[in-house]
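Have the model open as you read.

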Amino acid sequence: MQASIRWTPIKTAITLAMCGATLALTPAMAQQAASGSVQQSAPAAVQAGDDFFGYVNADWLAKTEIPADKGSWGAGSALGDATNERIVKLIEEIGAKSPKGDALRVADYYRSFMDEATIESKGAAVLKPSLEKIAAIKDKTALTKALGASVRADVDPLNATNFNTENIFGLWFAQGLTDPDHYVPYILQGGLGMPDRAFYLEENEHMSRIRTAYQAHIAAILKLAGFSEPEARAARIFALEKRIAQVHGTREDSADIQKANNTWMMKDFASKAPGMDWKAFFHSAGLGKQQKFIVYHPGAITGTAALVNEVPLQDWKDYMAFHTVNHFGSVLPKAFVDQRFEFYGKTLSGTPQLSPRWKRGLGSINGALPDAVGKVYVERYFPAEAKARVQQMVANIVAAFHKRIDQLDWMAPATKKEAHEKLRTLYVGVGYPDKWTTYDGLEIKAGDAFGNMQRAEEFHYKQELAKLGKKVDPTEWCMPPHVVNAVNMPMQNALNFPAAILQAPFFDMGASDALNYGGIGAVIGHEISHSFDDQGAQFDSKGRLRDWWTPADGEHFKKASAALVAQYNAYEAFPDLHLNGQLTLSENLADLAGLAAALDAYRTSQGGKATVQADREFFQGYAASWRNKQRDAALRNQIKTDGHSPAKWRTYTVRNLDAWYPAYDVKPGQKLYLAPEQRVRVW
């Protein structure tokens with residue numbers, strides 16, 4: 001399920017969508033850019049009815065260049081950079097004092113990452129203990145134990161739509177799909193160094209070029225780490241990864257939560273996925289006493305287990321060695337960093353320049369100590385009055401959803417009752433979590449960037465393991481407060497709106513209600529809508545996977561959804577590549593329903609008065625919040641792997657709202673015009 005708002009497809013750091021990637025934009029500059037972004041500045045040749053994204057953002061698009069260290073750049077990334085600058089100054093202030101506890105951990109982690117001289121002096125020697133353990137593997141039993149010891153809590157299929165891990169399998173700890181009261185470990189497919197199976201299996205010139213570059217990258221990393229015959233080893237590693245990719249589910253399969261609902265007991269693994277000593281694997285993973293699992297990708301788990309048995313031991317050892325080095329490349333000497341960027345930055349994303357080290361340091365610390373950093377940020381930069389105003393907007397938009405549900409003539413009373421109950425019990429976190437995570441027991445050593453990252457990952461994994469056997473916390477956040485994003489968590493029936501997104505151009509205490517409802521209001525509506533999109537609608541008010549729709553209601557919803565799939569399938573990004581309406585359906589539904597509800601809430605907040613000028617301002621605020629430019633490689637990557645449509649086409653959902661047509665005098669014959677009966681109406 002696509003549950004977060006997400007602005008950029010490149011996953012790393014402290015900016016968008018726990019993602020990010022250099023334009024050094026100060027908060028004041030971000031504010032100025034935001035205030036100017038909604039001015040109509042399109043040339044006469046661009047008509048709102050032909051390209052609403054280009055119409056509203058024409059001036060920005062003409063004047064803006066994507067920073068050299070990024071694959072994309074837009075409203076969210078500008079705000080993310082401004083937020084990052086604030087955070088790094090806070091960390092430097094902390095370091096200049098005599099911090100203790102988590103504040104000291106933050107300061108020491110960041111300083112160690114920034115200490116390139118020490119990292120260079122240690123060289124590849126920091127890898128030695130890890131690589132020696134792999135070299136000592138003598139048989140498949142020892143291999144299975146090593147694979148188990150390597151897994152981490154590094155995926156999140158529902159809240160972050162993060163399915164990618166270099167470890168053999170991904171683990172996620174959350175409440176059960178049909179048991180909202182107990183945590184359970186989910187086991188997912190993993191083991192690939194590229195984003196998705198498509199990169200290994202699709203036969204076209206673009207993917208072939210990427211595969212060649214990836215195999216060369218494997219060889220280069222092995223050579224830097226001191227391995228003999230790096231090219232031959234790389235060929236065998238790539239061949240193994242291709243076989244893993246062949247047993248993986250597709251990205252569309254991963255988005256189908258019904259296919260993920262597979263409960264296996266510990267004893268089932270031996271018969272359903274032969275080829276591995278599963279007891280040894282789970283014991284090494286700290287799960288030896290766990291009896292119940294949810295197997296998210298059963299085909300991949302079965303197929304990968306068979307490969308553990310079939311593929312020669314040395315190939316697996318080389319594979320583990322490569323991924324160990326590759327994974328920790330950001331805290332190794334410059335040669336490793338540059339090589340990783342050569343492939344993951346330049347080749348995969350088309351990004352010409354590596355980000356400054358301070359930004360990469362923030363990305364690393366965001367992964368290691370997210371709540372510690374977020375708490376410092378909130379204390380300085382998130383005023384109570386902003387929280388109060390956003391909470392009122394949330395209440396207004398929830399009320400608009402209640403009203404829209406009441407007005408649906410196609411929905412049965414029983415279905416409406418459960419929909420209302422989902423809204424009534426919805427937990428909405430604004431700004432920051434009710435309870436902060438602390439890092440007592442995590443050892444952060446000055447001058448040990450590699451060890452700090454390694455220990456932080458192990459610490460986080462132990463934190464997640466410790467959830468097993470405890471009562472589920474429905475108010476737990478999955479996103480730190482200093483990230484420019486928002487999220488719907490369907491199993492918790494909860495929303496998070498981090499403090500960092502509650503800034504211009506999405507939310508501005510000094511802006512008009514029309515702009516704020518078109519900006520953050522649409523974001524709020526989007527996240528609420530996820531509770532009723534094609535995936536969220538499968539969960540009831542307690543977060544239990546359950547069909548609470550009457551057959552007739554479900555059929556109507558599927559028909560409307562199919563129309564939206566077709567609408568997005570028709571959009572052409574490149575002559576050889578259209579958008580994938582099925583892959584992006586959840587997000588497209590949330591965009592559509594969220595924008596409609598935000599407009600309703602805005603009008604209600606104004607006493608029910610609707611004017612063409614106010615509607616224009618609302619829609620302009622929406623389109624301006626999605627201003628974005630992407631490099632071709634990054635755009636192709638997003639279309640193939642991301643459940644979010646690219647920004648331009650997300651803006652086009654306005655064509656499904658009746659109010660947009662008179663606001664911009666859109667007429668038949670224009671490219672975005674839809675006859676009233678063709679406009680998709682769901683909620």
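## Charges over rings

Start with Lys-387: its charged end sits over the ring of Tyr-432, 4.1 Å from the ring centre. The charged end of Arg-679 does likewise with Tyr-661, at 3.6 Å from the centre of that ring. To count here, NZ of Lys or CZ of Arg has to be within 6 Å of the ring centre and within 35 degrees of the ring normal.

A word on the source: this is a predicted model, where local features need pLDDT of at least 70 and side-chain atom pairs count only at pLDDT 80 or more, while totals for chains, interfaces and linings use all residues. Residues are numbered from 1 along each chain as its sequence is written, and side-chain values use heavy atoms, with hydrogens and water left out.

## Aromatic pairs

A pair of aromatic rings is described by how far apart the centres are and by the angle of the planes. Rings of Phe, Tyr and Trp (its six-membered ring) pair if their centres lie within 6.5 Å; planes under 30 degrees apart are stacked, over 60 edge-to-face, and the rest tilted. That rule gives 43 aromatic pairs. One of them is Tyr-432 with Trp-436, a stacked pair at 6.1 Å centre to centre with 10° between the planes. Tyr-432 is partly exposed at 26% relative accessible area, and Trp-436 is partly exposed too, at 25%. (Buried means under 20% relative accessible area, exposed over 50%, partly exposed in between, with a 1.4 Å probe and protein chains only.)

Now look at Tyr-568 and Tyr-571, an edge-to-face pair with centres 5.1 Å apart and planes at 90°. Tyr-568 is buried at 0%, and Tyr-571 is buried at 8%. Elsewhere, Phe-169, Trp-264, Phe-269, Trp-278, Phe-281, Phe-282 and Phe-293 make up one aromatic cluster.

## The sheet and its helix

What is the order of the four strands in the open sheet? They run E2-E3-E5-E4, with mixed pairing. (Strands are DSSP runs of E, at least two residues, and helices are runs of H or I, at least four, numbered from the N terminus; two strands pair if DSSP finds at least two bridges between them.) E2 (169–175) and E4 (263–265) stand at the edges with a single partner strand each, so one side of each has no neighbour in the sheet.

E2 pairs with E3 (residues 183–189) in the antiparallel sense over seven bridges. Among the bridge partners, Gln-175 has Tyr-183 in E3. Helix H15 (residues 298–310) packs on the sheet, touching E2, E3, E4 and E5 (292–295); contact means heavy atoms within 4.5 Å.

Terms used
Axes are lines fitted to C-alpha atoms, for helices over the stretch in contact, and angles run from 0 to 180 degrees between N-to-C directions.
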